[in-house]
Each structure stands twice: as structure tokens, then as C-alpha cells.
Amino acid sequence: MLEKKRAIHMTEKTARKWLHERGVEIEDIANLVYFLQEKYHPDLQMDDCIENVERVLSKREVQNAILTGIQLDILAEQKKLGEPLQSIIETDESLYGVDEILAFSIVNIYGSIGFTNYGFIDKAKPGILEKLNDKEATGKCHTFLDDIVGAVAAAASSRLAHRAANIED
């Protein structure tokens with residue numbers, strides 16, 4: 001049992017570390033949550049956004065998606081994927097939807113509102129998403145990471161909306 005607890009702790013710790021190493025901070029994701037929810041919650045505080053991001057990041061399936069996506073991005077940067085997958089991921093080919101499918105595994109945790117939030121933020125690309133999407137500026141491949149970060153924000157936003165609805169009822 002202790003080994004399983006260590007593995008779970010290591011998974012979360014590694015996911016958070018890799019996000020940081022790729023230039024994504026909890027506050028960056030919380031800013032996206034704020035962007036998605038500010039017009040619906042006039043008293044929204046950044047602490048509420050951070051708390052919801054933290055709760056989403058504590059989910060094992062989210063951690064697994066983060067680890068998988070970041071690892072694929074890194075392998076693409078190192079040119080360690082076979083063709084044609086190498087070129088597809090390296091260029092973030094528009095018809096390649098596996099990055100979005102991985103993101104949907106995160107979004108789905110908090111229900112259908114997450115899909116709407118994710119679709120909106122994926123198109124708008126505010127804040128950290130704009131930075132991650134700019135391959136020239138970062139010099140890195142973020143084919144999976146930008147979708148994962150958007151999905152974490154969408155899930156945290158959905159969690160916040162669900163909790164607010166339960167309080168208002």
C-alpha cells in the first residue's frame with residue numbers, strides 16, 4: 001500500500017514539475033479560469049481559480065494526460081518519433097486530433113460544460129495558450145501541452161461553475 005501511495009505522489013509531483021519545466025505555472029492556468037468565468041461570477045477571486053486548478057491537477061487521470069502529452073512533445077523535439085508521426089506532431093498538423101482527444105479526457109471529468117469551455121478557450125488562445133502556441137518564440141513543441149493546459153483550465157472552470165450552482169440552489 002505504501003508503494004502505491006508513493007507512486008501516486010510521484011505521478012502528481014512529476015506532472016507538476018514537468019508543467020513548470022515547460023513554462024506553465026498554476027497561476028497561468030488560473031488566469032485562464034478567470035478569463036472563462038469572470039463574467040458569470042462578479043465576485044470571482046483569483047484564489048478561487050487557483051483552488052479549482054489545484055483540485056483538477058490532483059486527479060490521477062489529469063496527471064496521466066499531462067505526463068503522456070508532455071512526453072510526446074519532448075520526443076518530437078528530440079526527433080525521436082517515427083515518420084510520419086514525427087512530422088505530424090512537430091508541425092501540429094491541423095487534421096491531427098489526438099492532442100484534442102487527450103485533452104478531452106481531462107475536460108470530461110466535470111461534465112459537458114467542460115467541452116464548451118474547452119472549445120472556446122482553444123479558439124481564443126488567451127494568456128499562456130498564446131505563448132505555448134507560438135513555436136517560434138518558445139522554440140519548443142507544444143502540440144499536446146497547449147491543449148492539455150486549455151483542458152485543465154476548462155475543467156477547473158467547470159468545477160467552479162458546478163460548485164457555484166450548488167451554492168446558489
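Helix α1 spans residues 2-21 and holds both Glu12 and Arg16, four residues apart, about one turn of the helix. Helices here are DSSP runs (H or I, at least four residues), numbered from the N terminus. This is a predicted model: local features need pLDDT of at least 70, side-chain atom pairs count only at pLDDT 80 or more, and totals for chains, interfaces and linings use all residues. Residues are numbered from 1 along each chain as its sequence is written, and side-chain values use heavy atoms, without hydrogens and water.

Glu12 and Arg16 form a salt bridge, with the closest N and O atoms 3.0 Å apart. A salt bridge puts a side-chain nitrogen of Lys or Arg within 4 Å of a carboxyl oxygen of Asp or Glu. Glu54 joins Glu12 and Arg16 in a network of salt bridges. Glu12 is partly exposed at 22% relative accessibility. Buried means under 20% relative accessible area, exposed over 50%, partly exposed in between (1.4 Å probe, protein chains only).

The structure holds eight salt bridges. Another one of them pairs Arg22 with Glu77 at 2.5 Å, N to O. Arg22 sits in the loop between α1 and α2 and Glu77 in helix α4 (residues 60-77), so this pair ties together parts 55 residues apart in sequence. Arg22 is buried at 9% relative accessibility, whereas Glu77 is partly exposed at 29%.

Asp122 meets Lys125 in a salt bridge at 2.8 Å, N to O. Lys125 is buried, with a relative accessible area of 18%.

Conventions. Helix = DSSP H or I, 4+ residues; strand = E, 2+ residues; numbered from the N terminus.
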